[in-house]
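Look at the sequence and the model before reading on.

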Amino acid sequence: MKKHLTLLIALAVTGMVSCKKDVQTGSDNTTPTTAANGKAAPDGFNFKTSNEVNVNITLRANNDEPLSNVLVRIFDPANTNADEALYTGMTDNAGNIQAKVNVPAGLSQVIIDPAYVGLMRNAIAKINGSATTVVIGGKTTFSGDIIAQAVTQKNRKIFSTGTQAVTSTQFVYPAPYTSASDAIYDDANFPLYLGVPKYKETQRANITPLMLKYINASLPESVPVEKLHPKYLTKKAVPTINVIKTSEVDVTFISEGATYQNTLAYYTYPTNNPPKNANDIKKATFVFPNTSAAGSGGALQAGDQVKLGTFEAGTTIAFIVLRNSWTGSSIQTDVDKFYSIDAFNPETDNTIKKHTVVLNDDVHNHFVVGFEDIARNEAICDHDFNDIVFYAKATVADAIDPTDIPIIDKGTDTDGDGVSDEADQYPNDPERAFDSYYPSKTRFAQVAFEDNWPKKGDYDMNDLVIDYRYKFVLNAKNQVVDLQGLYVPIAAGASFKNGFGVQFPVPASAVKRVRGQQLIGNYIKRTAEGNEAGQSKAVIIPFDNHDAVLSYFDGSYFVNTKPEKDKVEGKRVTVTINFNAPIDQSALSVADFNPFLISNLNRGAEVHLPGYLPTDLANAKLFGTDDDSTNPAANRYYLSPNNLPWAISYQYSVKYPIEGVNINDAYLHFNEWAMSAGRQYPEWYTNEGAGYRDVSKLYQK
């Protein structure tokens, strides 16, 4: 028999003493030391390292019309990389998303990002208890639990390319204003630091969903224009507004996709006598001192208008973006500038000198202008030309020359599912539209087990450790069509041969087909569809014996738990589930997924996360025996009498303890976390700072 390991898990003053095993007979009679109340954790605590948040999102155009089929991602504020979304969903016909999102425990805010031109980007939303409700867009620009981003000059960086930032151009405010102090609001509604001009019109223009659809089909977020619409960037494409009939011309703000507090200015010249260099521009007039939108470092709202004036036929209107020029009280002009006229821009490569796209929206009779506010030879430039988006409109019909201005893209929906091709990850498949991942597209979550249930284990939580990731394939109605689970066994610190299963919160009859399970034994029975037979809910068995996916060549025990032994790579098991009919995304919440270990090839010996119910095939006679205190009548499952579990899950993959080391000896705040029911040190397993972990007791290979 494998030697006994009498190890203390001092939760506060408590412990779980046990032995590793190679048989299931016998029991460790050592009495655990417990806290004063006799419990290692409060009753009802299920050792969850994540929380389920009910998220309610509404997207609106500025006239309060709903924005449908818009893809929205939700992020942990600590990681907003595009592939690290905690959740991805699509708005319905009413512009709404209602979702259940698993987030790391202790998280008080999330980032909600529609990535849709015309809407606030990366909105910070407060989590109130277990919910957050936000409206992005609409007549107030944003509302609900969104926290507006403050305007600050701290750490503000002035970008300069030397001579490019220096110009003899005189920058002025429109008459009769002469300075920021008299041209910009400074009151309770619009304090000076927001940079809202007094000369904007009092009424906002109506920005309709159709307008935004066209703009997003033409200049979608983070998609290089040269890839999607190369014709917009040809030399022939006109980058200016050329007036051919005397008319008043207005400029209307639509959106900003920038991190900088930029300034927009315009200048004019005779169309047949353009300036030869930037210094030939004698005067430029400010349009928007701070182009940042409300809640994103400024206060501009979609539809804000400025009348530029009346222009004679034969006049060209061109624009300048002054990068990060708004200081909070004035405009700094000795900064990088980007011009409508390509030749004036700083890049030496003529193929990337263009910074302005002008598009003819012939349905709404205006001209959309999009700017790129980063030098296009900089690595961080995304070339999407939507850092500032506005439109120019003449009050006289046909006063602006449309010659050589590309027609705006109206959007294409090849498969007819209601999602335009540029937003559709499956543009030729009407049954599928986009993917969502848990915990993200690139990261893994983790589940770890002690396998000696109903007896105590040594609590190193490494008898079976599995990294996993789920990919949800959804249609345009936010319904799951396919579900793919990727399971990677990384440790098997046991002498038992253990299997692994997952129960899903849908009936077995909902499953059309299951593929990819790795079964080498004969104790798992399956239906023709691939579900485990005899189950009312859908249950899959990714593998029935860890030897099939993780083992040493010599058959020895303790795979990847003893530092002195070689590390082996586990086989990646990809299980794909196709459903008979699409299932609402909210009905497939990861929080309701129920992973379990099958101990030593004994199908009835299921080890679940604390608080999770057994499957139909579990041996209920084992409940309440040995060291288990499961009591179905009290809805209590898989906990010892002093409230210790046999399994734990992590929002993200972690380093697990080496063989024979209690988890609380490796993770130094596990005790406080458990005793406080998760309120203290929710980051006990993710924080790599001093005092959080003893790395010598964690498997590091």
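## Terms and model

Strands are DSSP runs of E with at least two residues, numbered from the N terminus. The model shown here is predicted.

Most residues other than glycine have a negative phi, and most peptide bonds are trans. The residues below are described against that background.

## Positive phi in loops

His383 sits in the loop between β19 (366-371) and β20 (388-394). Its phi is near 60 degrees, a positive value, and His383 is not a glycine. Is His383 buried or exposed? Buried means under 20% relative accessible area. His383 has 13% relative accessibility, so it counts as buried.

Asn324 is another residue to look at. It lies in the loop between β16 (315-322) and β17 (337-339). Asn324 is not a glycine, yet its phi is positive, at about 50 degrees. The relative accessible area of Asn324 is 7%, so this residue is buried.

## Cis peptide bonds

Now turn to the peptide bonds. Which residue is joined to Pro439 by a cis peptide bond? The partner is Tyr438, and omega is about -5 degrees. Pro439 lies in a loop, with β21 (434-438) on one side and β22 (445-449) on the other.

A cis peptide bond also links Trp453 to Pro454. Here omega is about 5 degrees. Where is Pro454? It belongs to the loop between β22 and β23 (464-474).

## Recap

His383 and Asn324 have positive phi values. Cis peptide bonds join Tyr438 to Pro439 and Trp453 to Pro454.

Terms used:
Residues are numbered from 1 along each chain as its sequence is written. This is a predicted model: local features need pLDDT of at least 70, side-chain atom pairs count only at pLDDT 80 or more; totals for chains, interfaces and linings use all residues. Side-chain values use heavy atoms; hydrogens and water are left out. Helices (H or I, at least four residues) and strands (E, at least two) are DSSP runs, numbered from the N terminus. Buried means under 20% relative accessible area, exposed over 50%, partly exposed in between (1.4 Å probe, protein chains only).
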